[in-house]
Amino acid sequence: MLSIRQADARDASLLLTLIHEFAEFERLPVKVTREDLLRDGFGPQPKFHALITEWNGTAIGYAMFFESYSSFDGCTAIYLEDVYVRSSHRGKGIGRAVIAHLAALAVKENYSSVRWQVLDWNAPAIEFYRNLGAELLDDRKVFALRREAMLRMAENLR
Amino acid sequence: MLTIRAATANDAPLLNTLIHELAEYERLVHETIVTEEDILRDGFGPSPKFRALIAEWDGQLAGYALHFDFYSTFQGRAGLFLEDIFVRAQFRKQGIGKALFKRVAAVAWEEEYFCMRWEVLDWNTPAIEFYKQWGAEFLNEWKAAMLLGDALQAAAE
């Protein structure tokens with residue numbers, strides 16, 4: 001049976017393991033340490049919140065979210081950054097349950113919405129989200145400026 | 001002459017005006033419900049949800065930028081999300097947008113954010129060109145999704 005609970009400082013090592021598994025699955029580099037998670041997730045002013053998903057008491061995944069802000073709404077939203085389910089437990093509706101959990105939290109605590117991103121070639125995921133009633137914001141492009149480019153811009157200021 | 005400064009609680013009415021002007025430019029004014037009270041509560045209370053910069057040209061209100069933190073579990077670090085950057089029509093073409101953008105990049109650099117991220121509407125070609133010119137990476141494969149209103153309520157049940 002599935003349960004979803006909020007992670008606390010005692011979960012830092014478990015969370016680190018799950019994050020590494022997720023990064024391996026996505027073939028992305030990972031730098032995070034246990035200290036980073038303790039400092040940023042479980043200090044006086046947390047920068048993120050994490051959920052641990054368990055199946056019959058065994059950890060099988062995690063989700064990480066933070067608060068984003070919409071200036072047009074004048075309201076915070078829940079931004080779901082990571083959802084990971086171990087391969088042994090996929091196809092059991094755990095992703096759906098995590099989104100339902102966050103949707104309930106959003107309704108209860110007056111967040112305007114739950115938001116996330118999806119890769120545009122991931123047709124099954126897109127189909128799944130559409131079935132949930134999610135809106136896909138097709139007219140938005142995402143940009144990123146990494147540290148080197150940030151410095152180039154910032155230096156140009158002087 | 002251009003000055004850029006951090007917004008304070010006194011700027012809530014100005015920010016409200018500018019946010020509504022941006023919404024008009026983005027053709028989203030029908031969805032814009034923010035009030036001055038929202039801005040005061042969320043930007044200038046005990047734990048602010050966003051920070052803002054105000055640009056002035058010879059003491060006149062010319063534009064603003066608004067940002068908040070996001071987080072990467074892979075990096076173990078916060079990033080800076082630039083939600084809004086806007087220059088009023090009569091003040092465009094004077095480098096004010098660029099100066100605002102640079103100031104936000106300087107904040108991100110100095111405060112050791114691992115990355116700065118933002119979104120642009122796909123019909124806004126001048127903005128897209130402007131960002132590419134500055135070495136911004138275009139995350140073309142990602143689409144934003146959201147649940148709100150009735151769908152949010154339904155998903156919660």
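Visitor: Which residues does B:Val104 touch, not counting residues up to four places away in sequence?
Guide: B:Val104 touches B:Leu53, B:Ala65, B:His67, B:Leu82 and B:Met116, with residues up to four places away in sequence left out. Keep in mind that this is a predicted model.

Visitor: Okay, and what about the largest nonpolar core, how many residues are in it?
Guide: There are 86 residues in that core.

Visitor: Let's switch to sheets. What's the strand order in the one that starts with β1(B)?
Guide: That open sheet has seven strands, in the order β1(B)-β2(B)-β3(B)-β4(B)-β5(B)-β7(A)-β6(B). Notice that β7 in this list is from chain A. The pairing is mixed.

Visitor: Which strands are at the edges there?
Guide: β1 (2–6) and β6 (137–139), both of chain B, and each of them pairs on one side only.

Visitor: Do β4 and β5 of chain B run parallel or antiparallel?
Guide: Parallel: three bridges join β4(B), residues 77–87, to β5(B), residues 115–121. If you want a spot to look at, B:Phe81 stands opposite B:Arg117 in β5(B).

Visitor: And how does the chain A strand pair with β6(B)?
Guide: β7(A) and β6(B) pair in the antiparallel sense, over three bridges. Find A:Phe143 and you'll see that its bridge partner in β6(B) is B:Phe138.

Visitor: Which helix lies across β7 of chain A together with β5 and β6 of chain B?
Guide: That's α4 of chain B, residues 125–133. This helix runs at about 155 degrees to β5(B).

Visitor: What's the strand order in the sheet that starts with β1(A)?
Guide: It goes β1(A)-β2(A)-β3(A)-β4(A)-β5(A)-β7(B)-β6(A), an open sheet of seven strands with mixed pairing. At the edges are β1 (2–6) and β6 (135–137) of chain A, each with a single partner strand, so one side of each has no neighbour in the sheet. The twist averages 30 degrees from one strand to the next.

Visitor: How many bridges join β2 and β3 of chain A?
Guide: Seven, between residues 49–55 and residues 58–70, and these strands run antiparallel. A:Trp55 has A:Thr58 as its bridge partner in β3(A).

Visitor: What does helix α3 of chain A lie across?
Guide: It lies across β1, β2, β3, β4 and β5 of chain A, together with β7 of chain B. The helix runs at about 160 degrees to β4(A).

Visitor: How many residues does each chain put into the contact between them?
Guide: Chain A puts in 67 residues and chain B 64 residues. On the chain A side, the largest share is eight residues from helix α5, residues 147–156. That side divides into 39 nonpolar, 10 polar and 18 charged residues.

Visitor: What about the chains one by one, how many helices and strands are in chain B?
Guide: Chain B has five helices and seven strands, and along the sequence they follow β-α-α-β-β-β-α-β-α-β-β-α. The radius of gyration of chain B is 16 Å, close to the 15 Å that the globule rule gives for 157 residues, so chain B is as compact as a globular protein of that length.

Visitor: And how much of each chain is buried?
Guide: For chain A, 35% of the 158 residues count as buried. For chain B, buried residues make up 38% of 157.

Visitor: Last one: is B:Ala9 buried or exposed?
Guide: Exposed, because B:Ala9 has 10 other C-beta atoms within 10 Å, and 12 or fewer counts as exposed. B:Ala9 sits in the loop between β1 and α1 of chain B.

Technical notes:
Residues are numbered from 1 along each chain as its sequence is written. Chains are lettered from A and ligands numbered from 1 in the order in which they are written. This is a predicted model: local features need pLDDT of at least 70, side-chain atom pairs count only at pLDDT 80 or more; totals for chains, interfaces and linings use all residues. Two strands pair if DSSP finds at least two bridges between them. Helices (H or I, at least four residues) and strands (E, at least two) are DSSP runs, numbered from the N terminus. Two residues are in contact if their C-beta atoms, placed from the backbone, lie within 7 Å. Axes are lines fitted to C-alpha atoms, for helices over the stretch in contact, and angles run from 0 to 180 degrees between N-to-C directions. Ala, Val, Leu, Ile, Met, Phe, Trp, Tyr, Cys and Pro count as nonpolar, Asp, Glu, Lys and Arg as charged, and the others, Gly among them, as polar. A residue is buried if 20 or more other C-beta atoms lie within 10 Å of its own, exposed if 12 or fewer, and partly exposed in between; C-beta atoms are placed from the backbone. The radius of gyration is taken over C-alpha atoms; the globule rule is 2.2 Å times the number of residues to the power 0.38. A nonpolar core is a set of buried Ala, Val, Leu, Ile, Met, Phe, Trp, Tyr and Cys residues joined through C-beta atoms within 7 Å.
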